[in-house]
Amino acid sequence: MSNKGPTFEDAVKRLDEIVKLLEKGDAPLDSSLTLFEEGTALVKMCSKMLDDAELKVVRLMKGSDGQPVELPFEESAQ
């Protein structure tokens with residue numbers, strides 16, 4: 001994995017920090033907007049990471065004919 005940004009875990013940790021800061025409600029408006037913008041960028045990045053991970057899992061799953069088969073995670077866990 002390349003070092004293009006924070007890991008998924010680091011991004012989630014930072015999102016948690018941002019939420020706590022915004023929930024306190026004592027940050028100035030400009031700071032709150034900056035935090036909100038950072039948070040939305042992190043959510044977008046995390047969503048893309050999750051989508052990419054799901055695609056990798058789907059590619060790794062193969063049917064009886066050797067071809068990739070997309071199955072719901074509930075069925076594949078049995």
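Author: One term before we start: a salt bridge is a side-chain nitrogen of Lys or Arg within 4 Å of a carboxyl oxygen of Asp or Glu. Also, this is a predicted model.

Reader: By that rule, what does the count of salt bridges come to?
Author: It comes to four.

Reader: Why would such side chains pair at all?
Author: Side chains of opposite charge can pair when their charged atoms come close.

Reader: Okay, back up a bit. How many helices and strands does the chain have?
Author: The chain has three helices and zero strands. Along the sequence the pattern reads α-α-α.

Reader: Which residues does α1 cover, and how many is that?
Author: α1 runs over 8-24. That is 17 residues. From first C-alpha to last, α1 reaches 25 Å, close to the 24 Å expected at 1.5 Å a residue.

Reader: And what comes after α1?
Author: Gly-25 follows α1. The phi of Gly-25 is positive, near 75°.

Reader: What about α2?
Author: α2 runs over 29-60. It has 32 residues and reaches 46 Å, close to the 46 Å expected.

Reader: Which residues of α1 are buried?
Author: Ala-11, Leu-15 and Ile-18. They sit on the same side of α1, because they cover an arc of only 65° around the axis.

Reader: What is on the face of α1 turned away from the buried side?
Author: That face carries the exposed residues Glu-9, Lys-13, Glu-23 and Lys-24.

Reader: What covers the buried residues of α1?
Author: The cover includes α2.

Reader: Which residues are buried in α2?
Author: Ser-32, Leu-35, Gly-39, Leu-42, Cys-46 and Val-58.

Reader: Now the core. Which residues make up the largest nonpolar core?
Author: It has six residues: Ala-11, Leu-15, Ile-18, Leu-35, Leu-42 and Cys-46. The elements that give two or more residues to this core are α1 and α2.

Reader: You just mentioned Glu-38. Which residue does Glu-38 form a salt bridge with?
Author: With Arg-14. The closest N and O atoms are 2.8 Å apart. Glu-38 lies in α2 and Arg-14 in α1, so the pair ties together parts that are 24 residues apart in sequence.

Reader: What else does Arg-14 pair with?
Author: Arg-14 forms a salt bridge with Glu-17 too, with the closest N and O atoms 3.2 Å apart. Both are in α1, three residues apart, which puts about one helical turn between them. Arg-14, Glu-17 and Glu-38 are linked in a network of salt bridges.

Reader: How accessible are those three?
Author: Each counts as partly exposed. Arg-14 has a relative accessible area of 25%. For Glu-17 the value is 35%. For Glu-38 it is 30%.

Reader: Which residue does Asp-16 meet in a salt bridge?
Author: Asp-16 meets Lys-20, at 3.2 Å from N to O. They are four residues apart in α1, separated by about one helical turn. Asp-16 is partly exposed, at 39%.

Reader: New topic. Where is Thr-40?
Author: Thr-40 is in helix α2. At 39% relative accessibility, Thr-40 counts as partly exposed. Thr-40 and Leu-15 are 25 residues apart in sequence, and their C-alpha atoms are 8.9 Å apart in space.

Reader: Last one, the whole chain. What share of its residues is buried?
Author: Buried residues make up 13% of the 78 residues. The chain exposes about 6500 Å², and carbon and sulfur atoms supply 58% of that. Of the contacts with a separation of 6 or more, 45% come from residues 24 or more positions apart.

How values were computed
Residues are numbered from 1 along each chain as its sequence is written. This is a predicted model: local features need pLDDT of at least 70, side-chain atom pairs count only at pLDDT 80 or more; totals for chains, interfaces and linings use all residues. Side-chain values use heavy atoms; hydrogens and water are left out. A nonpolar core is a set of buried Ala, Val, Leu, Ile, Met, Phe, Trp, Tyr and Cys residues joined through side-chain atoms within 4.5 Å. Buried means under 20% relative accessible area, exposed over 50%, partly exposed in between (1.4 Å probe, protein chains only). The expected span of a helix is 1.5 Å times one less than its number of residues. The arc is that of the directions from the helix axis to the C-beta atoms. Contact means heavy atoms within 4.5 Å. Accessible areas come from the Shrake-Rupley method with a 1.4 Å probe; for residues, only the protein chains shown count as cover.
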